[in-house]
Amino acid sequence: HLPYFSLSNAFARPGLTPRYSHYVKSVNNSPESRPAILKVAVNVPLSRAFDYLPPAGCPAPQPGCRVRVPFGARRQVGVVLGHADASDLAPGRIRRCSEVLDDEPLLRPADLGLIRFTSDYYHHPIGEVVAAALPALLRQGKPLHPVVETVFATALAASMDAEALATRAPKQAELLETLRDAGGNGMEADELTALLPNWRRAATGLFAKGLIERGEARAADFDESLVPAGTPGPELNKEQQAACDRLRDSKGFAAFLIEGVTGSGKTEVYLRHMQDVIETGRQVLVLVPEIGLTPQLVSRLRKRLGIEPALLHSGLTDTQRLAAWRAARAGAARLVVGTRSAIFTPLQNAGLIIVDEEHDPSFKQQEGLRYSARDLAIVRAKRLDIPVVLGTATPTLEMIQHCRAGKYQHLVLPHRAGGARPPHIRLIDTGRTPATDGISEPLAAAIRRHLEAGGQTLIFLNRRGFAPTLICSGCGHVAGCERCDSRLTVHARRQQLRCHHCGHVRPLDERCSECGEAVRPLGEGTERLEDALRARFSGRRITRVDSDSMQRKGAMSDALDEAREGSADILVGTQMLSKGHHFPQLSLVGIVNADQGLFGTDFRSAERMAQSIVQVAGRAGRADRAGEVLIQTAFPDHPFWSTLIDGGYQRVAAEALAERETTRWPPFTRLALLRSAAHRHADAHAFLELARRAVEARADDSLRVLGPVDAPMARRAGRYRAQLLLQSANRGALHDALRELRPLLEQDPAARRVRWSIDVDPIELF
C-alpha cells in the first residue's frame, strides 16, 4: 500500500501559502478512461490511503463515496479519496471492494479538501479524520436515508386504564403513556431510548398484551418551518451598528474578531449579519463550545430568525445527528448550530461561519484527532471565500496578535447594551478573614444583602466534589489513586472517593489505611459549598451546576431555566455556569479559591485565569441591577489583581503578549507536543527518545527540541506518561519535521508498546 503524503504543509490562514503535492498519480472522472485503482481512506491509525479495485463489473465510484472493503480479517467502511492508474502493489495483491455504498458522493471536493488539510496540518491518519467528519450511522455503513425502528401504541391501547396499569407496572404505564402521546406514527426507537433508557424491558409485557407494536419507517427529514415568523430585535447602539456595517460591507473571505465586554450585545450583531446572509439564500454555521449553551442560543435564534436550526452535538441520538447532517449537506437547513465536530458538516451553499466564545478550550479536541475547531473554521472560511466571525469578551492572545498584525479585523464593543453598568470588583483577603467551608464572612454578608434586595447570587468554584483531598488527622497520609499520580476526590453524598482523571471509584474511608486514625476532608468542592450555603441560608433555593449534578438528561436546561426565571436564589457551580448565560436577576458573583492560577506552571496560566474571572464576573448586573463581584484570595497584593481590576482583561492580555514575545512562546513561536504512555516507564521514554534523535538528525537550528520528560502527572490510568516538545518560530520547519517523523514512528517496533500522539498547537502542556 502507498504511504499517504499528499496534504498541505502550511496552515491556510491569511498570509500563508499552502503547498500541495498530490499522492494521486492521475485523476480522470470520465467513464471511458476512469482509472481502476481506488485510493481509500480506512479508519485505522496509519497515515496512508489504501489501494483497492472496484467490485467486479462495477464502475469506479467517485471520490467522496463510501465503499465496504476487506481489511485484514474484517470488512471496514472506507471513503474513496481519489483514483490512480498504477500502484506499488503487485496486481494480484490488490483486493477488490466488497460493495459500493453510495450512488453519488457523500463528501464533495470542498469537504474532502478540508479533511485532507486537517490530516496534514495535525499529522493524523486520514482514515481517522474521515471517520471524525462523518456521523456514526454513516461510519457504520448505514444509508444516507436509513430505515429506522419505530414503536407505536395500538388501537387497543386507547381503551387501556393507564392508572390501573401504573399501580402494578409503573414502567409499562410510563412507556404506554409516552407512546399514546406520540400519536399514530409512534416514536423512533433511538428517540425512545434517549427519553426512557430502559424502555425495552418494559415493552416486553406491552408487546405480549398487544398494546404496542413495532414498525419501520424512513428516518424523518429535518424541517425548519416548524416555528413562527421571526420578531424584530432591539435598536442597536452605535458600536453594534458600526460592527454590523463592517460585516455587511465585507466581500469574500475576511476574519473578524468581535471583542465585546460581557453583556455588550455580541449575539445581536451575529443575528443581524446571519439574517443578511440567510436572506441571500446562503447557509450559516454557528459553533458553540458546549451543549449547555445550545438551548438558550437556539431559543433566541428561533425567536428572532423564525428558523428551526439544525443541531449537531453529542446530546442527540445518532438518527437525529444524521438528519441534521443530511439537511445541512442538501441545503435544506439554512442555519446549522453545533459544537466542535460540526466544523466538518457539509454545506450546500455556505455563506458565513460564526465561532462564539472563541477563547474556550472546548474547541480543541484533546483525544484522538487533536484539532482546533476554531482554527479549522478560519481555514474553511478561507477555502470557501466567505467571512468568519469570532466573538468573545476575552480573546485569546493568538487572535489579538492576528489583529495587531492586520490579518484579522478587530471590532470592539466596549459598553454593555441597554445602559447596564459593568460590575464592581473587589478582593476579600482570606488571610485576614478566613473562609469556613469556602465562605468568608464578608462574602456571606454580601450574599445575605443581595438576597434581601431581591437579587440572585452565583458562587463560582471550578472544582467539583465535596473536597479535593482526604487526609489523616494523625499521620497526614493523603488518599491517592492506585492507578494515577493524583489524589482521590471526596464525594460525600455518595460516600465515595473518586479519581477525576481515570474514573476509579472506591468507598469513602472512615479510618486511615496507614495508621488507623480518623480521616477528614480537606479543601472545598462545589458539593461542600452547596452544603455550607444550605446551612447558612436555610429556606433559600440553592442549585448546584457541575458535571456531577447535571448527568440526568435535561438537567442542565432545567437548571438554567430556574436561574433565568429567578426561582433559584443561589447558584453554585463550575465553569459550566461562566459561559455566555444570561441571568437577568443575578447581582452578585462570589469567586472562591481564586488563587489556583496565580502560580501555575503553564505559560498560559495568567491568560486562562483572567478569562475565567472576567467571564464569570460578567454574569453579574446584566439587566437593571447593579452587579458586584467578590474575589476571595490569600494573595491580595499579587500584581495580577491590580492589573486585572484597574486595567481589565485588555491590560492582562497586553502584558502577557509582551512577556510571550520576550520569552518566545506562542503566538510568537509554534509548538507541537509528542505524548507517549506505556505500562513501563522505560518504554514511554524510549519511544520519545527515538523521536528526539530522528528530529535532531534532520532538523536545522530553527527547531528546538525539549525533552523527553515525565508528564506533570507521570502515571495516569495505570500507564506511565512522557512528553517531547518541539518549538520553532518557523511554522514550515516544524511541519516538515513532523511530516518526516510520523511515518518513521508508525513503522518502528517501539510504537507497538506505547500509546502515542502528536498534538499540533497544544493548549495544554502541563
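For my notes, contact means heavy atoms within 4.5 Å. This is a predicted model, where local features need pLDDT of at least 70, side-chain atom pairs count only at pLDDT 80 or more, and totals for chains, interfaces and linings use all residues. Residues are numbered from 1 along each chain as its sequence is written, and side-chain values use heavy atoms, with hydrogens and water left out.

**Entry 1: Leu726.** I looked up what Leu726 touches, skipping residues up to four places away in sequence: among its contacts are Leu674, Val695, Leu703, Val705 and Leu738.

**Entry 2: cores.** I call a residue buried under 20% relative accessible area, exposed over 50%, and partly exposed in between (1.4 Å probe, protein chains only). A nonpolar core is then a set of buried Ala, Val, Leu, Ile, Met, Phe, Trp, Tyr and Cys residues joined through side-chain atoms within 4.5 Å. The largest one has 80 residues, and Leu726 is one of those touching the most other members, as are Trp325 and Leu738. I also found a second, separate core of 39 residues, including Ala555 and Tyr649.

**Entry 3: helix H16.** Helices (H or I, at least four residues) and strands (E, at least two) are DSSP runs, numbered from the N terminus. In H16, residues 555-565, I noted Ala555, Met556, Ala559, Leu560, Glu562 and Ala563 as buried. Why do they sit on the same side of H16? Because they cover an arc of only 155° around the axis (taken from the directions from the helix axis to the C-beta atoms). The buried residues of H16 pack against strands E17, E23 and E24. After H16 comes Gly566, with a positive phi near 85°.
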